[in-house]
Amino acid sequence: MIPHRDDDPTRRPVLVESNDFHEVTEIIAGPTETPLTRNWVLLLMLSGSFMCLMVGLFGYLFWEGTGVWGVNMPVAWGFAIVNFVWWIGIGHAGTLISAILFLFRQRWRTAINRFSEAMTIFAVMCAGVFPAFHVGRVWVVYYIFPLPNQMEAWPNTRSPLFWDVFAVSTYFTVSLLFWYMGLIPDLATMRDRATTKVRRFILSIFSLGWRGAARHWQNYERAYLILAAISTPLVLSVHSIVSFDFATSKVPGWHTTIFPPYFVAGAVFSGFAMVSTLLIIAREVFGFKKVVRLHHIENMNKFMLLTGTIVGYAYAMEIFVAWYSGNIYERYAFWNRALGEYWWSYWAMITCNVISPQFFWFKWVRRNLVFTFILTIFINIGMWFERFVIVITLHADFLPSSWGYYRPTWVDWWTYIGTFGMFFTFFLLFLKFLPQLAIAEVKAVMPESNPHFHPHDKGH
Amino acid sequence: MPSLNLDPKRAAENAKAPWKSLEELAGSAEFKDFASHEFPEGADTMGTDISRRRFMQVMGAGMAFAGVTSLSGCKGIRRPEQHILPYNQMPERMVPGVPQFYATTYTLGGDAVGLLVEAHEGRPTKVEGNPSHPASLGATSKQHQASILDLYNPERSQVVLKGGKTSSWEAFWNEANPVFEALKANGGEGLRFVSGYTASPSFRAVREHALRTFPKAKWVAYEAVSRDNVTAGMYALTGKAAEPLYRFAKAKRVLSVDCDFLEAEAFNLVYSRDFAQGRNPDAGRDGMNRLYVIESGFSVTGGAADHRLRVKPSAVPFALIALARELQSRGLSVPGFGADLGALPGNAEGISSAWIKALADDLIKHRGESVIAVGKYQPAAVHALGQALNYSLGNLGKTVEWKVSSVHALNASGDAPESGLESLRALAADLDAGRVSALVVLDANPVYASPADLALGSKIASAKFSVHLGGEVDETGALTGWHLPLSHFLETWSDGQALDGTTSVAQPLVSPLYDTLDAAEVLAHISGYPQTTSHEIVRAYWAGKSGLGFDAAWRKWLHDGVIAVGGAADAGYSPAPALASLLRSLPAPAQGVELIFREDARLLDGRFANNAWLQEAPDPVTKLTWDNALLVGPKLGESLGIAPYLLNKDATGTTLADYRKRPMVRVTVNGASLEVAAWILPGMAEDTALLHLGFGRVHVGKVGEEAGFNAFALANSASPFAASGVKLEKIDRLYSLACTQDHWSLMGRPIVRTGDLAEYLEDPKEFASEEKWNEHPAEQSLWDEKVRGTYDFSQGMQWGMVIDLNSCSGCNACLVACQSENNIPTVGKEQVLRGREMHWLRLDRYFTGDVEDPQLEFQPMGCQQCENAPCEEVCPVGATVHSHEGLNDMVYNRCVGTRYCSNNCPFKVRRFNFFNYNNKHTETEKMRMNPDVTVRFRGVMEKCTYCVQRIQRARITAKNAGSERIADGAVTPACGQACPSGSIVFGDINDPQSRVAKLKAHPRNYGLLKELNIKPRTTYLARVRNPNPALASQEKAA
Amino acid sequence: MSSSAAPRVFGVLAEFKTPADVYHAAEKVRDAGYKKWDVHSPFPIHGIERAMGIGDSKLGWIAFFCAATGAFGGFGLQYWIHKHAYPLLIAGKPMIALPAYVPVTFEPGILFTAFGCILGMLALNGLPRFYHALFKSRNFAKATDDGFFISIESRDPKFALDSARALLEAAGGKNIEVLED
Amino acid sequence: MVFPKWTNKIPVILLASVVFFICFVVFAFAYWGSPKNYVVGYQPVQPIAFSHQLHAGQMGMDCRYCHYNVERGRHAGVPPTETCLNCHKIVKTDSPEIKKLVSYHEKGLPVPWVRVHKLADFAYFDHSAHVNKGVSCVECHGRIDQMTEVRIEKPLSMGWCLDCHRNPASHIRDRAKITDLAWKPDGDPAQLGREFMKLYNVNPRTDCSTCHR
């Protein structure tokens, strides 16, 4: 599926420091067959308990009402939407890597795509719970879907929230299918290595009887290509539509056309940050040094540098436009962001999102895991603050008489923390039971995979 | 007597499962019992199929929930078996589902106002003003609106208590009768009656009879905040206990000396209407009135002023004296005062002589068409002087009338009207001396509402036999031997006489919900009055007055709600010799910080402390709810070291970083001291602190407890409303104050548009125009707005509203009226602190100009019914969409609660049910609900709908009569109906003849946020001030 | 598939060591004119379909059809709701506000395409299929690890056990097995 | 592990059953979930066996004799007990049912009729508005005059209301005939209805606030 090296313009050095297909299989599939480690179980229990906390808090919310959160008038959206946008943003790297980099023939993506696709799916799950539960009457949330009913009433398809439902659910479904399809051959590999009956049985079911036939590979590659092709506009559309939740409104500070590109850039930014955060850990813990190599990390850092700078440009442009428009409400909205009640969140955002990625101009920083790790953490925090800053803009809009303040309650905080529990629960399960890299793809980008490969020109 | 509402268990169940309570309701034996026995024959309401249905209606949102669960198909929830309980005999003229209106009278503190009360199948649900009653003219105050809440208040007293234990009337009479027999025998030696001032002629008759029966008994008529000073001043001037009535409609120049005639004074409803009439800028330079205000605090009248002079409390009289001197120096003779004025101490500092001169000029220029109004807190001398000036300026009989007051009918004989405070002091002394054997308190709470130094509470015990008749077990009722439950005014017959002499009958809407009596009835029992039930008492009294054809007359009175308009005798000018000494008795202007006490704008003297609507209604000026606070100006605040907490952002006008915690101050005065939360109020006089009365009650229901601080604890009977030599010190404690508007600056935004009369007359068109106020051009629509399917706003009836900022006084009556009409819940202090108050209609208040001496702007802000409504486009389920008549419909049962509509509402007038605020209601409280409006469930957005239920009622009535059009004025939203100044006009903007259409064409008319192209249906008339050019130029100079 | 009493031969399976070997072997089998045969590898071998002489994949058409259905469905739904089913005036916009319909036209298009791709791919490949004769070969497990195989099926008209085996041997096939169905 | 041959059928079977299941769910909602099923036919037992079939049907009493507010108020209203006694002071006084009625009356207790027709509480239906525009009782209540025990005949769902509010013609008749439940128009009801719509200028609204406040 990865085009032949000869038509790869970038002529990268080979991906894996190995020339033996079996060794690759061992490296990747091996860990999934070892017995559970104590640390892993402890971690799972920890994250699991946080997930339960989240579930419990949503139950509490359901029983008592939205009032258990800090939302009020005028700030009718609070942490729920902040977290939603943040998670969904994080969920953008996966599809981007598997789709766009694929189309751009970036074969190094193979080192990280499986991993980041998994992350995407779990992040979108975390995102999804918020819009579902933040509504006042969860039990009638089905009103939003265009279902025939005895009232002969239909949803308002002009509402950004209606678009949102479609965008997020589509994105989740497509990412999931994409991910699973990539897994099929690897599951087959694991099936054929399986030692126990049970394991083999389960893997046989999920690998759907894959036989690696050339005719299958042909359709498979075509499917993969088309999915990549449609996922590219999809991944761009999703965060654009999420940004419409704000951009189509009248609220000063929201009502701006710059939102879609700036949200997409921000999403990629935070997505990559989260990927490398997790990848750096996994790389150390599971010893993929042979596969996930420094220049992969470096590439991602370059991406963060780029997107981070775009985001910074967007911040500047927002302010310029607000001033240039001569609209007093817009002007005040931005004045207020930077110097008003919530100035600290604005400057936290600027520091983390605009300043910190600039360190990636230096090669040694880009190639230094410790620095990279710290910076990615900063970026994750910064992107959360970006969404906070945007949502909180509500507290001072047109009529000074209606201005108010927002303060999260303990429920807000612990629900947010709980979603991490959910994320890591699924992530740990993934790390343990599924191949963390696409075995077939890794093999396919090894020079040995080329039928016209001759040992003497190995690695040029 | 089944007590439906005292069952906490039931309430708790409801709280847990609001929808379940429907079945409980329909099923409960208690309820059926209630339905069939609670009321005698016709008055039975709860039993009809109708009120059954409507009763369900109020639980609408709850049913919405059931409706959803019904998808599960579970039989029980799907169709709770409901019963239809028809009448045995149908009451005459009752059409189920069609509300009936009855005229009645509300009396308070010696004044009476005529009301119309709306009843649904016998349940009173809403109070309106009676247009044909001269003290109402169709308007109501917030207290009138909220009075309905007390009727259904589950905490009102319902049974006779002896020493706090449940007892019975029988037991009471068994014990009381011998006592009073004995007293009859000794002529009532040692018997004391305590009551408030009464405006009821029939009650006065009973009272006189009682005093004849017990000649040696004393009657203590006491109001914490009374008009004694007024009558005393008038007595000095006219030799009669009299009241000045002002005709502001005719007045071109008005001077208010600490007189809050737009809200706090008697007759304020009429005054607001008249003042608004005289305030018409289109009447030209000399047509529009001009208001000068001299005050120490900041009242809504001060907010309406063209020129406001801030003067320390003790200096206020001297400002008037200075004016009198000035007028004298211009050859105006002030009979009776001539000599003394010269002899008096010179101007107090802080009184600008330029200001006084300009004022004097203005008054001289407008002899016979000016008014000098003096506030009830001012000493008698000031009243005397003020009215004398009215006389000298030739206003008497033109803009001012002096009417003999009937409030003090006790001593109409001609001797000086006795002061309530003095008679209370006498009572205290008698109690001390053990001269009181029997104490009968009729609907009064002197223990709480009297200066601390009288220490009545500790003395009551010395009366062997003490009774308290009241609507709640208050501070007094808790101390007396017996407590008797009082009937609500909607449950009993009475009558009233307004200050202008207008008499009217008060008829009940329901028979008493509980086993209660009213004051006249109890007094009649005690004194052996020929009639014993309120109905007989009132009828007999008026039968005696009317004589022949009484029955016909009676029926007419009940129908009109008025017996005779006016009729109070004029009091002529005949200065008493004592007049001169009056002025000399005035204390000299004091140094240092002064403290004044004022009746709270909502709770008055505390009698409404347990009324949730009033507790949550923001104070008109401070916007504080659920509390009072020590109000000080920024400068004083600075010196106390509390300002930084409150004005740290005055650049943007934000009041507070942490908006919940306010600093506290220890106030020490008259030897008493109190720790109160402090609040910085721009516009207070220098070195002046103000604390409102009526808060900090101890024996009060759940609503009122822990609300605010008891100002009476600081008051001294020597001068109950002002104290000098006050010591204020900041203590390091913080206190949560729930303010509904954290921000007081307009930020230079063209929201409230005001200007001077001169500018207006110069170019009316330009005065409020977008060009002048809004340099940013309006956004263009992406669409051809003609293409709207079947929706064409040029066709049919199109509803719109105009609010005149020029006459709105900011009194908040509309807000409470809206709450009553639309079943709006109160949420409590905690939720208000979180910014979750539910009022559909706010009164925005802004300060403009200098922080020390600002001007006050009010702006009623409800849903603006935008034609291009931002809220609609973002709702994913179409729960808020447009109607063919241009209404922004809100469909509660479709709402899923994404709250996006509120985010996108530029006016933030939408309200969200963050919790199930409506599930705490007991069965009796539910009776209060307006059956035409769905009660909203948790998680649902709600907002103003222009009272669409009234529009629909009018439409159906019109259609049944075969007409398509609803006549102009046939629909008035609750806010417009309550508004005393008639500032809110509603109607069909497509009908060129309608009032609203005419106003929309007015040059002062403007809509908010035009640049958003939202086309609001509610527009405002810009405010015009009429400053005195002479002063204006100086102010510019300064 | 037929289920005759006597187990009949499914075909011949031969293993090759490298992609290059299997590539060249495939060319030979192609030239020998076989139709019902296939190459099995742990990853797609570049250009193998040329070596096998098989045509292009049909998947594109399926995807396109699904995309069209989704997009038209999405737009149609919105149009129908606001034009016919529930024509309410919202924010003063006309009933048909095209720009607002773009997202929900686009997203279903994508969604349907994705399903079309995956399900189409499975359908074309005849998956899921849990039983297959090849799974009987222990050696075949390498096909998902580092082994490269060619299987010639008995269904092929030109199929003859000896000639097929000979051909594979000649092509350098190792561990040649005859598999029963 | 090698799977037996037959397992290759599983996917097909699975696919088929999923398709079937989806169809079933849709059908289940459309049928059991619809008010046509769970509203229509509700027929509680009343405390007194009052027969509309006898009074309105056989004896041909006009609906408005008992439900006399139907043209004036929102609610048609259930008659006060005394209305029944107008006749039953004399008629059939010995019948046990009438005895029940009388005993209620004497005790001063209301007759606890069980409610049959009920809209959601946030839906505001006004009888007078409909009846005065020529909408007959039968349109919503069915042939009450043939029911011994009253039952619901129409779905009373929002969609059902809207259907009529959108094209009312065939549901409008001469005012004089509204209580004549058996009445059938000669000729096209819609045609006739359109004439009466002009006459009474009937223009039903479909704004939300028409029914929801």
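Biologist: How many salt bridges does a search of the whole structure find over all chains?
Modeller: This is a predicted model, and side-chain atom pairs count only at pLDDT 80 or more. With the search run over all chains, the number of salt bridges is 88.

Biologist: Which residue meets B:E243 in a salt bridge?
Modeller: B:E243 belongs to strand 9 (residues 242-246) of chain B. Its partner sits 16 residues apart, in the loop between strand 8 (218-221) and helix 10 (228-238) of chain B, and the pair links distant parts of the chain. The N to O distance is 2.8 Å, and the partner is B:R227.

Biologist: What area do chain B and chain A bury between them?
Modeller: The contact joins 70 residues of chain B to 65 residues of chain A. Carbon and sulfur atoms carry 57% of the buried area. The total for chain B and chain A is about 5600 Å².

Biologist: How many residue pairs are in polar contact across the interface of chain B and chain A?
Modeller: The rule finds two salt bridges across the interface of chain B and chain A. For polar contact, with both residues at pLDDT 80 or more, the count is 32 residue pairs.

Biologist: By class, how many charged residues has the side of chain B that touches chain A?
Modeller: Elements of chain B that each supply at least two residues to this side include helix 5 (60-69), strand 31 (842-848) and helix 31 (870-874). Helix 32 (900-904) and strand 35 (911-912) also each supply at least two. Next to 34 nonpolar and 16 polar residues, the number of charged residues is 20.

Biologist: Which residue of chain A meets B:E873 in a salt bridge?
Modeller: Side chains of opposite charge can pair when their charged atoms come close. The cut-off is within 4 Å, and here the N to O distance is 4.0 Å. The residue that meets B:E873 is A:K250.

Biologist: And which residue of chain C meets B:E873 in a salt bridge?
Modeller: Across the interface of chain C and chain B the rule finds one salt bridge. Its N to O distance is 3.1 Å, and the chain C residue is C:K93.

Biologist: Which residues of chain C lose the most area to chain B?
Modeller: The contact takes 12 residues from chain C and 14 from chain B. Together the two chains bury about 1200 Å², 69% of it on carbon and sulfur atoms. Three residues account for 45% of what the chain C side buries: C:L89, C:A91 and C:P94.

Biologist: How many nonpolar residues has the side of chain C that touches chain B?
Modeller: Between chain C and chain B, four residue pairs are in polar contact, both residues at pLDDT 80 or more. By class, the chain C side has one polar residue, one charged residue and, as nonpolar residues, 10.

Biologist: Which helix of chain A gives the largest share of the nonpolar patch?
Modeller: The surface patch of about 520 Å² is made by A:L36, A:V41, A:L42, A:M45, A:L429 and A:F433. Two elements of chain A give two or more residues to the patch, helix 2 (38-64) and helix 15 (410-433). A:L36 is in the loop between helix 1 (21-29) and helix 2. The largest share, three residues, comes from helix 2.

Biologist: Which peptide bond of chain C is cis, with omega near -5°?
Modeller: In chain A, the bond from A:M73 to A:P74 is cis with omega near 10°, and A:P74 lies in the loop between helix 2 and helix 3 (79-90). In chain C, C:P128 is in the loop between helix 4 (98-125) and strand 3 (148-153). The bond asked for runs from C:L127 to C:P128.

Biologist: What is the phi of A:L208?
Modeller: A:L208 is in the loop between helix 7 (197-207) and helix 8 (214-247) of chain A. The residue is not a glycine, yet its phi is positive, at about 55°.

Methods: Residues numbered from 1 in each chain as written. Chains lettered and ligands numbered in written order. Heavy atoms only, no water. Contact = heavy atoms within 4.5 Å. Buried area = accessible area lost by both parts, 1.4 Å probe. Salt bridge = Lys/Arg side-chain N within 4 Å of Asp/Glu carboxyl O. Polar contact = N/O pair within 3.5 Å; in protein donor to acceptor, adjacent residues only side chain to side chain. Nonpolar A, V, L, I, M, F, W, Y, C, P; charged D, E, K, R; others polar. Patch = residues over 30% accessible without salt bridge, like charges linked within 9 Å, V, L, I, M, F, W, Y side chains within 5 Å. Areas by Shrake-Rupley, 256 points an atom, 1.4 Å probe, with all protein chains shown as cover. Helix = DSSP H or I, 4+ residues; strand = E, 2+ residues; numbered from the N terminus.
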